[in-house]
Amino acid sequence: MKIMLVRDRNVLNNNWLAYLANLFYERGHEVVIACDTYNKLGVSAPDYKLNPAVKIANVNGKTSSALINIVHKVRSIFPSWYLFDKLIKKEKPDVMICYFPKDLYNVTRFQHHNIPIVQMIHNYPPVLFDKILKKNKIIRNLYQKSFKQVTVYQVLMPSFKDKIDAFFNPQYVEAIADPVKQYAEGEMVDLSKEKKKIIYVARIEKNIKRPHLLVEAFAKIAADFPDWKVEIWGMRKYPVYENEINTFIAKHYLEKQVTLMGYSTDVESVYRSADIHAFPSAGEGFGLGLAEGMSIGLPSIGFKSATAVNELIIDGHNGFLAEDVDDFAKKLKILMEDKDLRIKFGANAHKDMAAYAPEILMDKWEKLLNQITKK
């Protein structure tokens, strides 16, 4: 089967896209990544090297010709559906998998083909689709014509299957989570050796990831644990927000205990350096950073209201779910004081993540793609 993965921008800097493309190729499929990015394609994904056999078709990429580059740079400013139309006719894929709604637009607008399309939803569906519903009527109608060409929507959690508004014609919705790296028993983080460290692995961002809530929770109990530290790891793009966090840290004299660490190219070592993974996100489409920490055997704490987080973390089994910041602090304290409980939760988390093993999820993808291409 020839699979075309469509993602408009940030192609090879996306771990997940490279990983999925490789998995499809390893299953014996021909894989083409279709994109439109003039300025930066990326050299390789940070954690997953793209297999050289996976083809990259960049409709507006830089070339060795200065004249062609001028044309491509100007052309990249405008909608590129007509370039994707040419690419589709050239490549003749059996199925197309679109990363974002914009990618769907690129492969459907003013085009006439009957190639099955999978529209991926990498978030809680209302978070993604409400933005479209708020656009003016003309734009909504243009989007709706594209969504009517979707063969199947892929969501990340079973509870999301009925969360797609009827406007988007969700006739067929399938739940397939992100594949999670698996670890053998002997490869798990060693929680018997106390490091006295809490980590959070997510981009440092205010509205969704909310690392400031972890800092606020820890501040409530820090005096009782002067030898414990909090490290916040993730991409740093918002200096004003970081300044807010650092101001709070200084105000509460936590400079020696709480640190914004920034991006890491060795996340596994970050997980192994910790005792607890605190995850105060407002909600996730899946929460791969959380799941990978659980897979390696870390106990976690999140909020009960956080989508996906509240399904990966089973309260009192593989971690804790908190009602609010005060409760978050309370449950942090319980875990910090009880090494045996951390070990128990970590072992349970490791076992629970076996359900997201790559081979299991790729079997689901195979079944889905076979179904829609036969139809």
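Tutor: This is a predicted model. Begin with the largest nonpolar core, which has 111 residues. The residues with the most contacts inside this core are Leu5, Phe24, Ile198, Phe218, Leu332 and Trp365.

Student: Which helix gives the most to this core?

Tutor: The general idea is that nonpolar side chains tend to be buried together in soluble globular proteins. Here, helix H1, residues 15-26, gives the most, with 8 residues.

Student: Which residues does Leu332 touch?

Tutor: Leaving aside residues up to four places away in sequence, Leu332 touches Ile198, Leu214, Ala217, Ile221, Ile276 and Ile301. A second, separate core has 11 residues, among them Tyr183, Leu191, Ile199 and Ile296.

Student: Ile301 brings us to strand S12. How do I read the two faces of a strand?

Tutor: In a regular strand the side chains alternate between the two faces of the sheet. In S12, residues 300-303, Ser300 and Gly302 are on one side, and Ile301 and Phe303 are on the other.

Student: Which residues of S12 are paired with Ala278 and Ala322?

Tutor: Ala278 has Ile301 as its bridge partner in S12. Strand S11, residues 276-278, runs parallel to S12 and is joined to S12 by 2 bridges. Between S11 and S12 the chain passes through helix H10, residues 288-295, in a right-handed β-α-β crossover. As for Ala322, this residue of S13 stands opposite Phe303. S12 and strand S13, residues 319-322, pair in the parallel sense over 4 bridges.

Student: Now the open sheet. What is its strand order?

Tutor: The 7 strands are ordered S3-S2-S1-S4-S5-S6-S7, and the pairing is parallel.

Student: How many bridges pair S2 with S3?

Tutor: Strand S2, residues 30-35, pairs with S3 over 4 bridges in the parallel sense. Within this pair, Ile33 has Ile56 of S3 as its bridge partner.

Student: Which strands does helix H4 lie across?

Tutor: Helix H4, residues 101-108, lies across strand S1 (2-6), strand S4 (95-98) and strand S5 (117-120). H4 runs at about 160° to S5.

Note on methods: Residues are numbered from 1 along each chain as its sequence is written. This is a predicted model: local features need pLDDT of at least 70, side-chain atom pairs count only at pLDDT 80 or more; totals for chains, interfaces and linings use all residues. Side-chain values use heavy atoms; hydrogens and water are left out. Two strands pair if DSSP finds at least two bridges between them. Contact means heavy atoms within 4.5 Å. Axes are lines fitted to C-alpha atoms, for helices over the stretch in contact, and angles run from 0 to 180 degrees between N-to-C directions. A nonpolar core is a set of buried Ala, Val, Leu, Ile, Met, Phe, Trp, Tyr and Cys residues joined through side-chain atoms within 4.5 Å. Buried means under 20% relative accessible area, exposed over 50%, partly exposed in between (1.4 Å probe, protein chains only). A crossover is right-handed if, with the strands pointing away from the viewer, the path from the first strand over the helix to the second runs clockwise.
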